[in-house]
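Please look through the sequence and the structure below before reading on.

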Amino acid sequence: MNAVVRSGRRLMDRLAKRWQDFRDAGGKRGLVNEILTIQLVSAALAGSLAVAGLYWGGQWVLKDNYARWALQWTNELNELAAPLYLAEDDEAAIRLESYVERYPEIRRVRYYDRNGEVMFVVPAAETEDAVDPLEEKRVAAATEVMSADTPFLMKGGVINARRFDILAPVWVETLPEGTLFGDDPLQADVTASRELRGFIGLDLDFEVFHDGLLSNMRDAVLVLLVLLAVLGVYGRHVLRKALRSVSDLEQPIRDIALGDLDVNFKPAVHREISDVVEALQTTVAALSDRDARLRQLANHDSLTGLFNRRRFIEALKHESIKVMREGHESALLFIDLDQFKYINDACGHPAGDRLICKVADELRRCVGESNVVARFGGDEFVVLARGSDEAVSEAMAETILNSMRRMAHVEDGRVFYAHCSIGVAIISNENLYHDDLIQQADQACREAKLAGRNRYRIFDASEVAEQRQNADVSWVNSLREALDEDRFELRFQPINRVDTGETVHHEVLIRLRGEHGDAVAPDAFLPSAVRFGLMSEIDFWVIRNAAAAYQQHQSTVQGLRLAINLSAHAFENDSLTDYVRAMFEEYKVPPNRIIFEITESLAIRRPLHVDQQINTLRELGVAFALDDFGTGYSSFGYLQQLKFDYLKIDGTFVRDLPNNPVDQKMIRLIAEVGQEAGMQTVAEYVQDAETMSLLAELGVDMAQGHFVGEATMEPEARATPILLDTHRLRKLRK
Amino acid sequence: MLETINRARPGSILLVLLASLLGACASGLTTSWPEEPVEAEAVPAPEPLPEISIEANRKPAELLPPPVRKTTPIAIVVSSRQTAYTDVAAALIERYDDAHVYELGGDDAATGGVIRNIGDIGNSAVVAIGLLAARSAVSLTDVPVVYCQVFNDQELDIASDNVRGVAAYSPLEAQLDAWLAVDPELRRIGMLVGEGHEDLIAEARGAAERRGVDLLVRTTHSDQETLYAFRRMSRDIDGFWLFPDSRVLSARALREMAQIAEKNRVRFAVPNEGMLSLGAAVALTTVATDIAAVIGEVLERMARGDVDSLPRLSQLREVGVKTSSAMAEAR
């Protein structure tokens, strides 16, 4: 009893577990069970149909057999009917009884005379009284079938017939007299005379056959059910085995879904699943290729094929960890090309790109395969020199410098030398953080540039350098906050005519209001702004606030005109012209009251989009001034092409003008060329009256500087005192 | 040998019938039967007197028995145009120059008028062939009447001495001899006939006994009973002697008997050649010329007034034997 209970519990537990698995699977059906169910249901249906067909077919076969038996018995009716013509033959009656006993299906034999009256019944246990005489209709019908092909009447159900009533006439025949003397009596066309003797009735009961049939069918159904059960168990086993290949795919596919493409598929036995496995393998191969391509794109610079910044930082982190673990030193080299902008501006970006590729190849060759080269920015490269202490890294830097010095790049028939400056930071146990390392190498590189370019510097962690570095980093946040909190301020420095001393316009200068209210000069923060991509925003801030200042002061300063500095970054913004126009409209600034100053390098490079923006602004009415002329790379030839209204001579030419005849001649030349080109010249950095007087003699039109006027919070029209005995004045008087 | 049988109509319209007759065979034991059916015109009712004229291609005289020549005509009445009847009529014509053949056409109702006309014509004798002709002719009291080919002659109502008959079967001894000659292993023979054939049965028993053959005889009353009895006896016999008693035989009974006989390997002896198709082993038939000869003798004795010594039924003397092809091959 306990065993039964335990079995029942186990069965219930198993069922509960199956149910739980089913629910865990999200209520999804199992493929094996579904196929098996379909098969079993199909088999059950087919079996049911077969059993039904067997039953009905059996019925028909039985009925057909009954009819044939009935015909056979009817054929023997002549003998069975012997009592009708052998009334006194007891033997015939006994033989009849015996015959009937042999066939349990014959329940009763009835004998009628020719009028349908009952003569006797077999078996004898049946009394004649229990049998009704034949109706006249039946007598007539049975008489009609006398000598017919099927000489009997048969009554029975159509379906599920078990009992039949057969009634046959009994007659005698005689041949015509003389028939037997000559011709064949069977062939001769003779009509036999027939005499009806009576009728015989048979009650047939095939109950036993039916019961046997049903019993056999019950057995067949039981066998079918057992076969179905066996097939179910066997089929489940076979299906599970067949679908195991599908199940084997589950883990590799999960791994693929998790990004692991290094999976192995078990070979499948079946063709269909083998095709799926093959397709999955193809998919994995394609995914691997795509992954590799994506990794390549994500980790490498598209132009040079070198590691990009992100990938390099990863390598740097790994190297830092390695250094920390193994205790050796490595080096980070920050390489910046000197004057790369020149070739970029002179020959275009494609030329610059070609030079970059060449430099990348050269660097790759110089550092060897054990070290890592990456492109860090436009013309910036970094090298991770593994296992390199200061001496080794110095040697590597020297090798790079020498290699670059030798490398000549030819574009449009012109030869360019791409010298570079290198900053080196040593990775050691005390210096592992990658951001610091990059900052240090960058700082060292800038120092190399400041030191005259085309050289390397090992990062020196001195206090000054550290402060500078810290300041540089801190500028980023300060500039961001200044833009957000509007903490920039404008100053207005007058530009006066040299000959009359009167103020012609004011240059708008920017200052950053420090934490303590002090004004920070742009030289302190603009490099950081350029480096960290804030220059464009600062330019736009200046435009808006200059326009506002114009609106504010145009009524108090007669003829107010403002000169606004625009960096190259402002032109990178496509909305510059729209913004300027919007600001003019907002603050009601006549465009001809504004002068935009751009640097010589930008003017010379003048990419197409810059040129278009300048033209648009000029059409608007704005004037343009070329700033810091003389310090860049332009020749006087360019002045002919450049459509500027003002030419501002760089202060380096003015600073020591009274004592430097070369500068004097240069300024004279610039003034004459400007005059010829229709531009008015402005000399910057005018510190004293003598310089002012000299500029007048040299033909310069305007001057700017401490002597002319300091930058003030608001624009002021203040005339500059002019020495009356100057040569210039004399010329004017003449 | 072929003979032409012409049927005559009153007013000199004669219908010539062609019949093939096999004359006396060289062996004297076998008889040839007509190979083709009788070619006939449509025949109206026999009023006032149908007459059949039979022209025969006669055989050479030395091969035929010596004919009895009479001056007064003999009327030959055939019940129907069965070969068994016309053969006998043809044989009689061979014997008598002044013989007229009349056919009853199997019509029982017309026989009365036909027979009265025959009586009025003043024939010297009447030969009735078949039961129908015999049943009608026995009513004639003024002329000698001889009937033949009537197996159940006990059914005839013979009222006067002017009527005598000829047996419808060959001599049983001769039949049995002929049968044993072709089937020597015959040991037990069965025989089924209707009632009224006690003489036949006695003769058969005697013949069998003399030849050491067991004979099982049963009298039956219908074809069903014949079949029933045959089924019973078929297991105990190896030969069955079939007599042409149409009262207890039918086509269906014959068919089943043939099947039972085949199943139980019972050899059949049948009374005519046509029944060999039943699967019978041998046909033991009468011989038309033998019948005609016996009729001639009877008529002659009756003409002489020697009626009292004549038996009611005169026996034949010859038997025709025809074996089946299977039996012939077996032999």
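**A helix across a sheet**

Helix α13 (residues 390-406) of chain A lies across strands β6, β8, β11 (420-427) and β12 of chain A, and runs at about 165° to β11(A). Helices (H or I, at least four residues) and strands (E, at least two) are DSSP runs, numbered from the N terminus, while axes are lines fitted to C-alpha atoms, for helices over the stretch in contact, with angles from 0 to 180 degrees between N-to-C directions. Residues are in contact if their C-beta atoms, placed from the backbone, lie within 7 Å.

This is a predicted model, in which local features need pLDDT of at least 70, side-chain atom pairs count only at pLDDT 80 or more, and totals for chains, interfaces and linings use all residues. Residues are numbered from 1 along each chain as its sequence is written, and chains are lettered from A and ligands numbered from 1 in the order in which they are written.

The strands belong to an open sheet of 5 strands with mixed pairing, in the order β7-β8-β6-β11-β12 (chain A), where two strands pair if DSSP finds at least two bridges between them. The edge strands, β7 (372-375) and β12 (456-458) of chain A, each pair on one side only. Within the sheet, β6 (residues 330-337) and β8 (residues 380-385) of chain A run antiparallel and are joined by 6 bridges, and A:I335 stands opposite A:F381 in β8(A).

As for pLDDT, the predictor's confidence in each residue from 0 to 100, the mean for chain A is 83, and 91% of its residues reach 70 or more. Over residues 728-734 of chain A, however, pLDDT stays under 50. Where pLDDT is low, the predicted coordinates should not be read in detail.

How values were computed:
Two residues are in contact if their C-beta atoms, placed from the backbone, lie within 7 Å.
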